[in-house]
Amino acid sequence: MTTPALEIAGLRKRFGGLPATRNVSLAVMPGERRLIIGPNGAGKTTLFNLVTGDLTPDEGSVKLFGQELLKLPTQRRVHLGLARTYQILTLFPKETLVHNVVLGLLGLDRMRWNPWTTLFGQRHLYDAAREALAAVGLGESAERTVSQTSYGERRRLEMAMALAQKPKVLLLDEPLAGLSQQERSQVRDLLAKVPRDVTIVMIEHDMDSALAFAERITLLHYGEVIVEGTRAEVVADPRTKEVYLGE
Amino acid sequence: MNRILGVIVALAFVAVPLVIRNEFYLNLASQILIYALLAVSLNILLGYGGMVSLGHTAFLGLTSYAATLLVTWGSGQLSAAILAVLFSTACGALFGVLALRATGIGFLMITLALGQIVWGIAYRANTLTNGDNGLRFLARPQPFGFDIASAPNFYWFTLIVFAVALFFIHRLVRSPFGAALQGSRDQPRRMRALGHNVWMIQWLAFVFASFWGSVAGLLYVYYNLFISPHAISLQQSAEVLLMAILGGASSLTGPIVGAVIITIVKNVVSTYVDRWNSLLGAIFVVVIMFMPFGLVPGLRQLWARWSKPKAETKSEGAP
């Protein structure tokens, strides 16, 4: 049996008296496209924050290709091949798009400790960054500052920053939220083009817009895994209907 | 345009001793350079790292006391200078570990406390530091046989050290490390998620800042030939912080402009105006009201606004 790309076991997190994640276990196989759905407050983003290290869980384990992550600081996890996008945009608003991507590439480059050479001289970083921007259709906008771009463009910049790092496991937190129909289809095309050596886990609040993407779906509700299975299984499951329609 | 302006300013700095013959004003120029270096080094933390430190003169004090004591105990000038800067930078490395336990106001309070501890030791450890009376530094050294006892020579020596420091800090700000430091200031959480070790970046910035602050301390004790707790009081640390903010912490040259203004008001205007402290306060309030990011970025903005509409009307006027 192959090692899962991402394996979460018995994960628990409480905020005071409020359990945000209760005993979540799931395994995502290499190359898989996994969709995590659930209503507001189901603990989807909390789960991502636990995986990346933004939050520390009370119990459980998170393994990336068999390696335990929980003892490692966030940046070490990133160096092992984990990348994420944020639901709430956290970009560098006064910088150009290309600089945003370069900062991402720099995070995995030894060059980042160099206090002597000029950053502008690092052609390999800028070339790779422009390439990543072109791949998400922002090639023309590379020199604009983030504050001059639209919301949809920023979402795509988020994707470019994550993809430029060539991660093994990519966590996407609601990449379609707030986008127009046209922008949604652009992002979906973009995701379809991501090579299969990248495992993708995607959170989406709106089930319809993300269904086509998913091979397996995990439904979270009140911090628990309610249903997990193939697309057809999860859609057909009465508990899914209950969670989404029963309220 | 910027480059030409830079060359003119640099030439003006070199020519100062040729133009200013009055020893008082020439010494004032040396003092300005020393404080400018201290403010620029603090600005690595303040402007580029987003970390407000109220204990930066601690490094001036640590170097000055260490160099003075070493020379008094019979060490050579060169080894005393190197050891003093190393000692002070090592203290900076330790202070950085302590201060970076916190961010924002917490960071400020810890640096304030550390600065006060250094001041307290200087003030109370009579047998070592001679307390309030301070210590005399025997004589200025002669680096590579160059005599820096006279006012013009000391000015040039200070200018060379200042220029070297400014060059290194200029490179640092534009380097990949500088970009990572500025990124950590704006979005620390995102930087971590991109694989950056934010703590290490900020700690290294703290060490760089304390190193150049220590170099300023060495110049300080060479200039004054004396060090006492007054040089490292809280007021002094606050003044250096004001220099950077007044001139503009988001620019490399801002703290230099701030150092020029504050040092002149303190030393020259104070002979004519009794309430020079109030004057300094008034200048500060006016600048921050009209140029919230400080003088240099503010003037740059004005210049851009002033030169831009002209260019536009020109192009419109010639269809």
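Gly41(A) sits in the loop between strand 3 and helix 1 of chain A; helices (H or I, at least four residues) and strands (E, at least two) are DSSP runs, numbered from the N terminus. With 14 C-beta neighbours inside 10 Å, Gly41(A) counts as partly exposed. On this scale a residue is buried if 20 or more other C-beta atoms lie within 10 Å of its own, exposed if 12 or fewer, and partly exposed in between, with C-beta atoms placed from the backbone. The C-alpha atoms of Gly41(A) and His221(A) are separated by 7.9 Å, although the two are 180 residues apart along the chain.

This is a predicted model, in which local features need pLDDT of at least 70, side-chain atom pairs count only at pLDDT 80 or more, and totals for chains, interfaces and linings use all residues. Residues are numbered from 1 along each chain as its sequence is written, while chains are lettered from A and ligands numbered from 1 in the order in which they are written.

Leu171(A) has Val201(A) in strand 8 of chain A as its bridge partner.

A second open sheet in chain A has four strands in the order 2-1-4-5, and its pairing is antiparallel. Strand 2 (18–28) and strand 5 (67–68) of chain A stand at its edges with a single partner strand each, so one side of each is left without a neighbour in the sheet. Strand 1 (residues 6–15) of chain A is joined to strand 2 of chain A by seven bridges, the two running antiparallel. Here Glu7(A) stands opposite Ala27(A) in strand 2 of chain A. Strand 1 of chain A is also joined to strand 4 of chain A, again antiparallel, by five bridges, and Leu6(A) stands opposite Leu64(A) in strand 4 of chain A. Strand 4 and strand 5 of chain A pair in the antiparallel sense over two bridges, with Lys63(A) opposite Glu68(A) in strand 5 of chain A. These two strands form a hairpin with two residues between them, and Phe65(A) in the turn has a positive phi of about 45 degrees.

Which helix of chain A lies across strand 1, strand 2 and strand 4 (59–64) of chain A? Helix 1 of chain A does, running at about 70 degrees to strand 2 of chain A. Axes are lines fitted to C-alpha atoms, for helices over the stretch in contact, and angles run from 0 to 180 degrees between N-to-C directions. Two residues are in contact if their C-beta atoms, placed from the backbone, lie within 7 Å.

Chain A is divided into domain 1 (1–81 + 167–247) and domain 2 (90–166), with bounds from an automatic or database domain assignment. The C-alpha centres of these two domains of chain A lie 25 Å apart. In the contact between them, 13 residues of domain 1 of chain A meet 13 residues of domain 2 of chain A. On the domain 1 side, helix 2 and helix 6 (181–193) of chain A each supply at least two residues. Helix 6 of chain A has the largest share of that side, four residues.

Chain B meets chain A through a contact that takes 24 residues from chain A and 20 residues from chain B. On the chain A side, helix 2 (74–79) and helix 3 (97–106) of chain A each supply at least two residues, and helix 2 of chain A gives the most, with four residues. Chain B itself has 14 helices and two strands.

Terms used. Pairing = 2+ DSSP bridges.
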